[in-house]
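Morning, everyone. I have one model to walk through, and I will keep it brisk.

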Amino acid sequence: MNRDWLPLKTTPWTLGLALLLIFLLAETTALPQRIDYWLLDSALLASPATASPNIAIVAIDDLSLAQQGRWPWPRRTHAALIEKLHQAGAETIVFDILFTEPSADDAALKRAMQTHGNVILPLHLSPSSSRILLSEQLPSSELVSAAAGLGHAHVELGHDGIARGLYLFNGMGRQLWPSLALAASGTHSRRPDTPELPSFVNVRDDYRIVPLTGGAGSLPTYSYNDVLSTPPATDVFNGKTVFVGATAAGLGDILPTGFSGLSQPMSGVEFHANTLSAAQQRLLISPAPKWISIVLAAITLLALAILLPRIRPARTLIACVAAGAIILGLYTVLLTVFRVWLPVAHALIIPLLAFPIASGLRLTTTSQFLNRQLDELARSPRVALPEPAKRPPTQLLEHFQELFQPQGWLLMEGTDVLSYRHLGLADAPDNLEPGLWLHEGNQSWILLHRGNACYTLGLTLPNDLSREAIQRYLRRLMLSQTAPTAKKVRPSDNISARIERVKVATERLNHIQEFIRRSFERMPDGIIVTDELGIIRFANGHIEEWFGEPMPSLGGLPLTRLLEGHDPRETPPWHETVSETLTLLQSRTVDLKIQDKDFLIHFAPFALPDSEQYGIIANISDISELREQQRQHREAIDFISHDVRSPLVSQLALIEQLKRDPTHIGQSQLEQLGRLARRSYHLAEEFVQLARAEQLTETRFYECEFLAIVENARDSVSEQALEKRIPLQLQGTEDLWLRGNAELLERAVINLLTNAVQYSPKGSAVSLQVFRAGHQACLTIADEGLGIDQDELPYLFDRYRRQKSSELSGNHGTGLGLSFVKTVVEKHRGEIYVVSSPGEGSSFTLKLPIADPMV
């Protein structure tokens, strides 16, 4: 089965359904209710209610029990308390003490209650025995008649056992009794809204949450015994509602609250007093209908299900946090301003779940996409470069034969000869180390291990200058693994396996990209790749070098702007060439000139991947050398058509003249014919020498001594100098070894000396100075001739270029001698420069790199 058999996408339907399922699952637990209780307690704890100044508590505490005796106390004691509070000016007295059974002291208590006139007594609902149904447990009839009102003493505990509120009305089916606090405020019993209910059904109505003023003891509390034993405290109880109840441990009812929990519970009388305090300040909190919470949760779910799939993953968390903040803001406003408690846990759970669910769906979609891409990548052809260390020796020998064309070879497996030519078993050396080449003269040997087999490979290389380069290349080849390849441990879990697959795929892609990038960078031509709008998306290093534009600025630059900025033209304009390539899908080849260099740019359209549009691949070739050769070819033809043909025509004319009158052949005519022949020979010789210099490569270099070359050149020109009585003064005694072609170097020095003698007056001197400057061998030839005009110096070494002053003086040259000298010097990676002033002579200096003869 395909691991992507259930394709998932982050859509409103998938996200909404996932949120709904997990939301319904959360609803089966107590988690939403716990969150609602925690939010409510946190809000009430953060801002406790202010205690009403009209409420006080008389507590039956441990001190009172110790002074008044064991519980229950005689009811005349409570009558005495009422008389004390009446004398102190208490407006309302509320007892949280049950008087359900008649007593002999009921008459005294009744008289005290009647005297005060506003005493509230409690009732509670409970079965009188295990066999009797739930019923109302009222005070004795005598006390009921004297009481100003009756109120139920029941406090509602939440599902977590914490008292947070009560029902303002509670009773059986026929009558609903107000709570003690409500009865103290003057509210009496009322009929239930459903009169058809039986009389034994417990009915509760109008639940309210009570914001407490704090923990136990937060309201003014006075000991029962102290109130009885001291004179009436009018300053304490005057005009107040006084609650009387038990706070002693083990006597009264204990209620865990949000302020204390089970560690320091609150007594029932304190809770009822807090209820009256909140009611007087209109702080009681009403729960919102349950359907509002469901609607809010549905709206939140719908909004996030529609919004999250449409926004970027980075904003998903922000949207979920914003939704939670809006819900909490609404919750806070309703609770603090409108005194309405809206349980928002149902709605708050949704943004809490939406982020991981949306992220999980996106990760699932991403994982499925990666799996498909990884599978496609695994099936696609790879640009692999097999390691030479893994190739069989027979294949290596075949490759070496094609690459190096060795004169001989030998391949053995152990002592068995597999292939040989001009090499035998006796030629193989004994001291071979595995994987390391041993070079002995023009023979190269290596010992290879493939599996359990041992191979010996030997090559006989050409005995020329390429041998050393081939041997250096062989040393760099890794034909044997130096260390055993560690076996890859396949990850056991799915995530690690995918990560490993992504890592392998990424390395493969990086390898392909690096292979392509290096291939483009090493290409001899400049490469530009554009998109469908002719915007440059890739360029290799040649483009940066030739156009002088930094690589970051090339990306995103229109191709037409680049070309127009360096080679503006009107016919045809660049934008027309580029646009036609894209629109007509036809290749174009155009000349391009950048910084005095000639180029040929070829535009070719190519189909962009996953698109119906086409881009452009522009291949730019440097044809400056070709154009220079064409120019030189044209100049050579012009030169031959004029300078070479002219003496030949003169010779032919003179020969025809002699043929017509052979009896009158004079000496002057023969000399003239000789001069014309020598001129023709001299022109041909200079052409031959220049061609040899242009074709010179380092393969024709060898060790030669520069001072000896200069001496030989001086001797060759000495006769010509002697005729003009010009001494050739040579200075220098140090042997300077070069790696070059001594014949062409000598010819170059002869050309310089010939020019120096030819353009120097009789009786002047020509000096030659050979010296070393750093790692260069230098030669300076100075004469005392006519000198060279400053305007002609930049063109001095151009071929076919003749000096105007030389032509006027009668020294006719070909214009190839100095061009030959410059070509020879450049082929030897040297340099030549001249210093000259008209009438002061000229000084030519050659600088050539010195080579160590021991290398």
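Ground rules before that. This is a predicted model, so local features need pLDDT of at least 70, side-chain atom pairs count only at pLDDT 80 or more, and totals for chains, interfaces and linings use all residues. Residues are numbered from 1 along each chain as its sequence is written, and side-chain values use heavy atoms, with hydrogens and water left out.

Helices and strands here are DSSP runs, numbered from the N terminus: H or I of at least four residues for helices, E of at least two for strands. Axes are lines fitted to C-alpha atoms, for helices over the stretch in contact; angles run from 0 to 180 degrees between N-to-C directions.

Helix pair one. Take α4, residues 75–88, and α5, residues 106–116. Their axes come within 8 Å and cross at roughly 15°. That makes α4 roughly parallel to α5; the label covers angles under 35 degrees, with over 145 roughly antiparallel, 65 to 115 roughly perpendicular and the rest oblique. The crossing of α4 past α5 is left-handed. Left-handed means the near helix is turned anticlockwise from the far one by less than a right angle; right-handed means clockwise. On the α4 side, the contact residues include Ile 82 and His 86; on the α5 side, they include Leu 109 and Met 113. Contact means heavy atoms within 4.5 Å. By class, this contact has 6 nonpolar, 4 polar and 3 charged residues. Nonpolar is Ala, Val, Leu, Ile, Met, Phe, Trp, Tyr, Cys and Pro; charged is Asp, Glu, Lys and Arg; the others, Gly among them, are polar.

Helix pair two. Here α1, residues 12–27, meets α11, residues 290–307. The axes come within 8 Å and cross at roughly 145°. This crossing is right-handed. From α1, the contact residues include Leu 15, Gly 16 and Phe 23; from α11, they include Ala 297 and Leu 304. The class count is 10 nonpolar, 1 polar and no charged residues.

Now the sheets. Two strands pair if DSSP finds at least two bridges between them.

Sheet one is open, with 5 strands in the order β27-β29-β30-β32-β31 and mixed pairing. β27 (728–731) and β31 (831–836) are the edges; each has a single partner strand, so one side of each lacks a neighbour in the sheet. Neighbouring strands are turned by 15° against each other on average, direction ignored. Inside it, β29 (766–773) and β30 (776–782) run antiparallel, joined by 7 bridges. Arg 772 has Ala 777 of β30 as its bridge partner. Helix α24 (742–758) lies across β27, β29, β30, β31 and β32, at about 25° to β30. Helix α26 (817–827) also packs on the sheet, touching β31 and β32, and its direction makes about 140° with that of β31.

Sheet two is open as well: 5 strands, order β22-β21-β25-β24-β23, antiparallel pairing. The twist averages 25° from one strand to the next. β21 (526–530) pairs with β22 over 3 bridges.

Last, the backbone. Which peptide bond is cis? The one from Trp 71 to Pro 72, with omega near 5°. Pro 72 sits in the loop between α3 (62–68) and α4. Arg 339 has a positive phi, near 55°, and is not glycine. Its loop runs between α12 (316–336) and β15 (340–341).
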